[in-house]
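Please read the points in order.

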Amino acid sequence: MAKRISLDALLLAIALIIFVLEAQIPPLIPIPGVKLGLANIVTVYALFRTGARDAFAILICRILLGCIFSGQIMALLFSLGGGLFCFGAMLLLKRYLSEKQLWICSVVGAVFHNLGQMTVALLFFQTTAILAYLPVLIISGIVTGAFTGICAQLLINRLGRTRAR
Amino acid sequence: MWQTKTWLRLIAAVLLLCVGLTVWLATRPAASTVVEIVQNGTVLQRIDLAAVTEEYSFTVSDGNGGSNQITVQPGRICISAADCPDLICVHHGWLPDNRAPIVCLPHQLMILSVDDATTDASIDATAQ
C-alpha cells in the first residue's frame with residue numbers, strides 16, 4: 001500500500017512538473033485548445049501500469065493542482081471536461097488493445113480530450129459557431145496524441161520489467 | 001482485438017476527413033459583412049464591416065480585470081491587444097481574412113460573423 005501511494009505520488013509529481021513546464025511554452029499555433037498535452041504521457045502510462053483507479057486519481061489531482069499553480073479558473077473547466085472525456089475513452093478502449101498498441105489509446109484519448117473541451121466550450125459560449133474549430137482540434141488531437149502516445153509506448157517498453165505494484 | 005493496421009486506416013480516414021473539412025471551413029465565403037462581439041453569451045456589439053470607413057479601436061473589459069483591444073478597419077476586424085496569458089486571440093489575425101471566429105477563452109470573448117451566429121442572444125438582438 002505504501003509502495004502504491006509512493007508510486008502514485010511520484011507519477012503525480014512528474015505529471016505536474018510536465019504540466020507546469022508545458023504551460024510556460026508560448027502557443028505555437030494560434031488555435032484555442034491546441035496544445036501538446038505532454039502530461040498525458042503520465043496518464044497513459046499510469047492507466048496501463050498502475051490500473052484505472054490510481055490513474056484516475058493522478059489525473060484529477062494533476063488537473064486541480066495544475067490549475068491552482070497556473071492560476072486559471074477558466075482552464076480548470078476545460079481541463080476537467082477534456083480530462084474526463086479522455087480518461088473515459090481510454091478506459092473503454094484499453095480492453096481492446098494490446099500493450100504494443102498503447103499509443104493508439106493515446107491518440108483516441110487526445111481526440112476525445114479535444115471533444116470534451118469542445119463540449120465545455122459549446123455549453124459555455126452557447127453558440128455552434130465554435131464548431132468551426134472541431135476538425136482542426138481533431139487533427140491536433142491525432143497528431144499530439146500520436147506524439148505523446150509514442151513517448152508513453154517507449155516508456156512502457158523500457159520500463160516493462162519493472163513491476164508497478 | 002483489431003490489428004494495428006486497421007487502427008491506422010481508421011485514424012488516417014478521420015484525419016483526411018478533418019483536413020477536408022478544415023479546408024472547406026476556412027475557404028467558404030462569408031455571406032454577410034456583419035460581425036458580432038459576444039461576451040459570456042451576450043452580444044455586446046454588432047458591426048457592419050462594409051459600413052466602416054475609418055479605422056478605430058476600443059477596449060472591452062471582461063469585468064475581472066482583463067481586457068481586449070479591438071481594432072476595426074474597413075471590411076475587417078481583429079483583437080489588436082490583450083492581457084490574456086496565451087494571446088491566441090491577438091495571433092488569430094483579422095476576421096474575415098481568417099474565417100474562423102476569434103476566440104479569447106480566458107476572457108470569454110468571441111468575435112464572429114453573423115453567418116455563424118446561432119446564439120439565443122443574437123436572436124434576441126435581432127428581435128429587438
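1. Start with burial. A residue is buried under 20% relative accessible area, exposed over 50%, and partly exposed in between (1.4 Å probe, protein chains only). B:Tyr56 is partly exposed, at 34%. B:Phe58 is buried, at 17%.

2. Know the basis. This is a predicted model, where local features need pLDDT of at least 70 and side-chain atom pairs count only at pLDDT 80 or more, and where side-chain values use heavy atoms. Residues are numbered from 1 along each chain, and chains are lettered from A in the order in which they are written.

3. Aromatic pairs come next. Rings of Phe, Tyr and Trp (its six-membered ring) pair if their centres lie within 6.5 Å; planes under 30 degrees apart are stacked, over 60 edge-to-face, the rest tilted. Five such pairs turn up over all chains.

4. One of them joins A:Phe56 and A:Phe87, tilted, with centres 5.1 Å apart and planes at 55°. A:Phe56 lies in helix 3 (residues 52-70) and A:Phe87 in helix 4 (residues 73-94) of chain A, so the pair ties together parts 31 residues apart in sequence. Helices here are DSSP runs (H or I, at least four residues), numbered from the N terminus. A:Phe56 is partly exposed at 35%; A:Phe87 is buried at 5%.

5. B:Tyr56 and B:Phe58 are stacked: 6.1 Å centre to centre, 25° between planes.

6. A:Phe78, A:Phe124 and A:Phe125 form one aromatic cluster.

7. Charges also meet rings. The charged end of B:Arg76 sits over the ring of B:Trp94, 4.0 Å from its centre. The criterion is NZ of Lys or CZ of Arg within 6 Å of the ring centre and within 35 degrees of the ring normal.

Technical notes: Helices (H or I, at least four residues) and strands (E, at least two) are DSSP runs, numbered from the N terminus.
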